Amino acid sequence: MSRVSIIEAVPGNTASSSDENTNLAAWNTATASIDDTNVRNEGLDHGSFADEVVECLTREGAAPFFESSTKSGAYTGAGPFKVTMGGNDVQIGPIVVNSGDSVLIYCSAMTYNDVGGGTATLILQYNPNSGVWSSVGVSRRSYIGSAVTSLKRRDYTVAHLHSLGTGTFYYRLAVEEGSANNTYVENAVLYAIVVAH
Amino acid sequence: MSLIYRKERAEQGSINDPTPHRDNQNELAGEFNGYLDRYNLPTRAVGAASVVVGAFTTVGADPKSDSVALDSKSTTWQNDDGSGTYIHNVTFTASEDGQLDVDWGGTWTWTGNPTIEATIRWRITVNGQTIAETGCIAQDNDPTYVNTKDLVALAGTIPVQAGPVNIKVEAMIAAVSWYMGTTVGAPLFSITGAAESTVTVVYRELVYLLRSR
């Protein structure tokens, strides 16, 4: 807080050097202390703020992965396996998250298993700039469809994955498959919003 | 705005009257003590370090992986397993009015092989008001594979006032009869009774953003 209190000069009085020094000291105290109490209510607008002060958006996936004719390779086994479509990993980063920031990861994808009753699990993985990928514990969405042929073996699902963290991260979409069948992913979109304030 | 307008100006050769000096000081201090604004700052002068965390957006999350076994005999909205393990039941205090965005995603397991149309619905409520709701999602039941899994994502938004804000995610399990007619405005389904299958919710995430500005 920085409020300046001034000793006023009065006509007819002798000018006081101590009053002048007190006033100068008051201004000096204000140096680098300007805060909310100094600013008029709603006195700042968007032009006052630097870019990405409030939030920034990193969005990937739509262009390379959002083709209906594009699907991932077949993933068989426990995994998790990174999802690759059109020669690109469904991955974003590096995302720099400063202290106090929050990062939200959103993912939309369709997945299916080519055998009825097989498991298809979408997983969000992160890499804290160390080259080692880890799964975000709760960011996993599973689908086990019916084994009845008439109910279609090709089941489309949508997952919504998000997480919070701080640091410098890469994020990617991965899949697990638990029945030695083939799991596919189509039309994935992965994006991050860093909320600073 | 201040630091732009000079109220009084001293002239060379005039008597040294303290009044202009005092008025200038008061003008400057008066503006400084609470009336600085955008005109005092260069464009984009305020960087991230100058703004307190949470000034514009409050972010919260409730990631969970514990199991919540829902009551398969109930056909009402359920928020917990009856023993205090909640799907999600989050309360926070909004420091000021704002717009609340809520995202939720989760996975659940069906157990059982019912002879009826077992379904589940999901909804997000904020202070008791529903802001997002799914339709009836049927179990992919068949004779040979009875433990199916499914997943869903929901998102909703609502203005909230300063004060306590409660967010819940609830589910309703029920057997339904689908309405197959073409009458506009007719209900899509009717609940015929309890589902014969049970539902266990496992991996799920609730994320909310309160946007105050």
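Tutor: A residue is called buried when its relative accessible area is under 20%, exposed when that area is over 50%, and partly exposed in between (1.4 Å probe, protein chains only). By this rule, 43% of the 197 residues of chain A count as buried. This is a predicted model, in which local features need pLDDT of at least 70, side-chain atom pairs count only at pLDDT 80 or more, and totals for chains, interfaces and linings use all residues. Residues are numbered from 1 along each chain as its sequence is written, chains are lettered from A and ligands numbered from 1 in the order in which they are written, and side-chain values use heavy atoms, with hydrogens and water left out.

Student: What makes up chain A, in helices and strands?

Tutor: Chain A has 2 helices and 10 strands, where helices (H or I, at least four residues) and strands (E, at least two) are DSSP runs, numbered from the N terminus. Along the sequence they follow the pattern α-β-α-β-β-β-β-β-β-β-β-β.

Student: Why is A:Ala32 called exposed?

Tutor: A:Ala32 has a relative accessible area of 83%, which is over the cut-off for that class, and therefore A:Ala32 is exposed. A:Ala32 sits in the loop between H1 and strand E1 (55-60) of chain A, and its phi is near 60°, a positive value in a residue other than glycine. Most residues other than glycine have a negative phi. A:Glu52 is found in the loop between H1 and E1 of chain A too, with a phi near 65°, and A:Glu52 is exposed because its relative accessible area is 56%.

Student: What makes A:Arg40 and B:Asp37 a salt bridge?

Tutor: The term asks for a side-chain nitrogen of Lys or Arg within 4 Å of a carboxyl oxygen of Asp or Glu. In A:Arg40 and B:Asp37 the closest N and O atoms are 3.0 Å apart, so the pair meets the rule. The pair crosses between chains, from the loop between H1 and E1 of chain A to the loop between H1 and E1 of chain B. A:Arg40, at 28% relative accessible area, is partly exposed, whereas B:Asp37, at 3%, counts as buried.

Student: Why does the salt bridge between B:Arg204 and B:Asp66 tie together separate parts of chain B?

Tutor: In B:Arg204 and B:Asp66 the closest N and O atoms are 2.7 Å apart. B:Arg204 lies in strand E11 of chain B and B:Asp66 in the loop between E1 and strand E2 (68-69), so the pair joins parts that are 138 residues apart in sequence. B:Arg204 counts as buried, because its relative accessibility is 0%, while B:Asp66 is partly exposed at 34%.

Student: What is the extent of the contact between the chains?

Tutor: The contact takes 59 residues from chain B and 59 residues from chain A. The buried area, which is the accessible area (1.4 Å probe) that two parts lose on being put together, summed over both, is about 4,900 Å² between the chains, and carbon and sulfur atoms give 60% of that area.

Technical notes:
Contact means heavy atoms within 4.5 Å.
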